[in-house]
Amino acid sequence: MTSLPLSSAPGALAMLRDVQAGMSQPQKELAPKYFYDQRGSRLFEAITELPEYYLTHAERSILQREMDGLMAIHRPASLVELGAGSAAKTRLILDAMRRAGSLESYVPLDVSASFLGETAARLRAEYPGLHVEPVVADFTERVPLPGSLVRPALLAFLGSTIGNFHQIEAVGVLRRVRAAMTRNDRFLLGADLRKDAGRLEAAYNDSAGVTAEFNRNMLRVLNRELGANFDVARFAHRAFFNASQHRIEMHLVAQSPQTVRIPGAGEFSFARGESVRTEISCKYDRAALDDVLTVAGLRMERWLVDAAGDFAVVVAARAADQ
């Protein structure tokens with residue numbers, strides 16, 4: 001199943017509605033899903049290799065340590081990955097499924113059609129005989145699975161992307177995951193854990209400036225897709241830890257007064273120093289994550305952390321219907 005890319009009419013209209021609503025808030029904000037055009041996806045992959053960005057390395061260490069045992073127990077026939085990107089960590093799961101003798105299909109789901117297509121082509125070449133069926137869709141709105149999906153399935157939502165949502169939004173995403181699951185399916189969720197603010201802020205303010213370029217790329221996406229006239233060079237990257245909310249916030253800060261025109265949405269003025277928030281990254285502990293899963297109708301079965309205690313991977317099942 002495939003939905004249309006952002007540049008098509010339905011995608012552009014949905015984007016326009018999101019942007020208009022976000023830019024009309026007292027604290028202007030944009031949805032982080034609009035980072036991920038092809039360039040944004042590549043920039044994020046570069047971020048995951050930076051020394052300051054511990055999250056990917058910590059999560060990968062858990063997958064390397066745990067996947068063989070988990071796949072031997074659950075023996076999923078299909079892997080469904082939300083926000084698949086380049087599928088770098090996915091190979092650890094696919095390899096463990098293949099060693100368990102259960103691997104049949106892989107369904108990567110992402111908003112970036114071109115990046116997803118490249119990923120699918122590479123995996124078909126690397127895993128002869130694997131059925132790869134990419135789905136271009138926004139998992140914040142729906143989790144559309146192919147009718148031919150072989151069960152049991154493992155649904156994976158890695159990289160701590162769950163942290164990009166306010167709690168009520170996170171519950172909504174997880175409820176959509178639950179609705180896509182059957183009783184024998186399992187859900188694999190990655191989450192960054194609460195820790196020293198200095199380490200958190202360093203991960204989002206890398207010395208090479210890759211995260212800053214990734215942040216500003218969203219304005220380029222809006223200019224291209226919506227005909228907006230953001231002057232990208234006049235916005236500076238800022239990321240900081242909001243202790244009261246247990247989250248990192250990423251902003252783009254106007255370096256001078258300016259007015260931005262977005263056709264169909266209106267004009268939006270920025271004072272010098274005023275920002276648009278482009279991302280939140282909520283940090284969890286076990287109790288907080290268990291609460292979100294429970295409200296969404298999921299039951300935590302395993303809590304797995306890396307050696308340093310920086311990151312968690314959770315295995316969850318669909319809770320019994322009430």
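Where is Arg-75 found? The points below take up this residue and several other features of what is a predicted model.

1. **Arg-75.** This residue is found in the loop between H3 and strand S1 (78-82). Arg-75 counts as partly exposed, at 40% relative accessibility. Most residues other than glycine have a negative phi.

2. **Ser-160.** Here too phi is positive, at about 65°, although Ser-160 is not a glycine. The residue is found in the loop between S5 and helix H6 (167-180). Ser-160 has a relative accessible area of 3%. The cut-off for buried is under 20%, so Ser-160 is buried.

3. **The cis peptide.** Arg-151 and Pro-152 are joined by a cis peptide bond, with omega about 0°. Pro-152 has its place in the loop between strand S4 (135-136) and strand S5 (153-157). Most peptide bonds are trans.

4. **H3 against H4.** How do the axes of these two helices cross? Helix H3 covers residues 54-74 and helix H4 covers residues 90-99. Their axes come within 9 Å and cross at roughly 20°. Angles under 35 degrees count as roughly parallel, and H3 and H4 are therefore roughly parallel to each other. The crossing of H3 and H4 is right-handed.

5. **Residues between H3 and H4.** From H3 come Arg-60, Leu-63, Gln-64, Met-67, Asp-68 and Met-71. They meet Leu-92, Ile-93, Ala-96, Met-97 and Arg-99 in H4. By class, this contact of H3 with H4 has seven nonpolar, one polar and three charged residues.

6. **H2 against H8.** The axes of H2 and helix H8 (residues 210-226) come within 9 Å. They cross at roughly 165°. Angles over 145 degrees count as roughly antiparallel, and H2 and H8 are therefore roughly antiparallel to each other. The crossing of H2 and H8 is left-handed.

7. **Residues between H2 and H8.** H2 brings Arg-39, Gly-40, Leu-43, Phe-44, Ala-46 and Ile-47 to the contact. H8 brings Val-210, Thr-211, Glu-213, Phe-214, Asn-217 and Arg-220. The residues of the contact of H2 with H8 divide into six nonpolar, three polar and three charged.

8. **Salt bridges overall.** How many salt bridges does the structure hold? There are 27 salt bridges. Side chains of opposite charge can pair when their charged atoms come close.

9. **Lys-28 and Glu-274.** Their side chains meet in a salt bridge at 2.5 Å, N to O. Lys-28 is buried, with a relative accessible area of 8%. Glu-274 is partly exposed, with a relative accessible area of 24%.

10. **Glu-126 and Arg-91.** This salt bridge has an N to O distance of 2.9 Å. The pair links Glu-126 in helix H5 (residues 113-126) with Arg-91 in helix H4, 35 residues apart. Is Arg-91 buried or exposed? Arg-91 is buried, with a relative accessible area of 18%. Glu-126 counts as partly exposed, at 36% relative accessibility.

11. **Asp-285 and Arg-194.** The side chains meet in a salt bridge at 3.3 Å, N to O. Asp-285 lies in the loop between S11 and helix H9 (286-295). Arg-194 lies in the loop between strand S6 (186-192) and helix H7 (197-203). The two are 91 residues apart. Asp-285 is partly exposed, with a relative accessible area of 31%. Arg-194 is also partly exposed, with a relative accessible area of 35%.

12. Which residues do salt bridges with shared partners join into one network? They are Asp-18, Lys-33, Asp-138 and Glu-141.

13. **Ala-288.** This residue is found in helix H9. Ala-288 has a relative accessible area of 18% and is buried. Ala-288 and Thr-278 are ten residues apart along the chain. Their C-alpha atoms are separated by 23 Å.

Definitions and conventions
Residues are numbered from 1 along each chain as its sequence is written. This is a predicted model: local features need pLDDT of at least 70, side-chain atom pairs count only at pLDDT 80 or more; totals for chains, interfaces and linings use all residues. Side-chain values use heavy atoms; hydrogens and water are left out. Axes are lines fitted to C-alpha atoms, for helices over the stretch in contact, and angles run from 0 to 180 degrees between N-to-C directions. Helices (H or I, at least four residues) and strands (E, at least two) are DSSP runs, numbered from the N terminus. Angles under 35 degrees count as roughly parallel, over 145 as roughly antiparallel, 65 to 115 as roughly perpendicular and the rest as oblique. A crossing is left-handed if the near helix is turned anticlockwise from the far one by less than a right angle, and right-handed if clockwise. Contact means heavy atoms within 4.5 Å. Ala, Val, Leu, Ile, Met, Phe, Trp, Tyr, Cys and Pro count as nonpolar, Asp, Glu, Lys and Arg as charged, and the others, Gly among them, as polar. A salt bridge is a side-chain nitrogen of Lys or Arg within 4 Å of a carboxyl oxygen of Asp or Glu. Buried means under 20% relative accessible area, exposed over 50%, partly exposed in between (1.4 Å probe, protein chains only).
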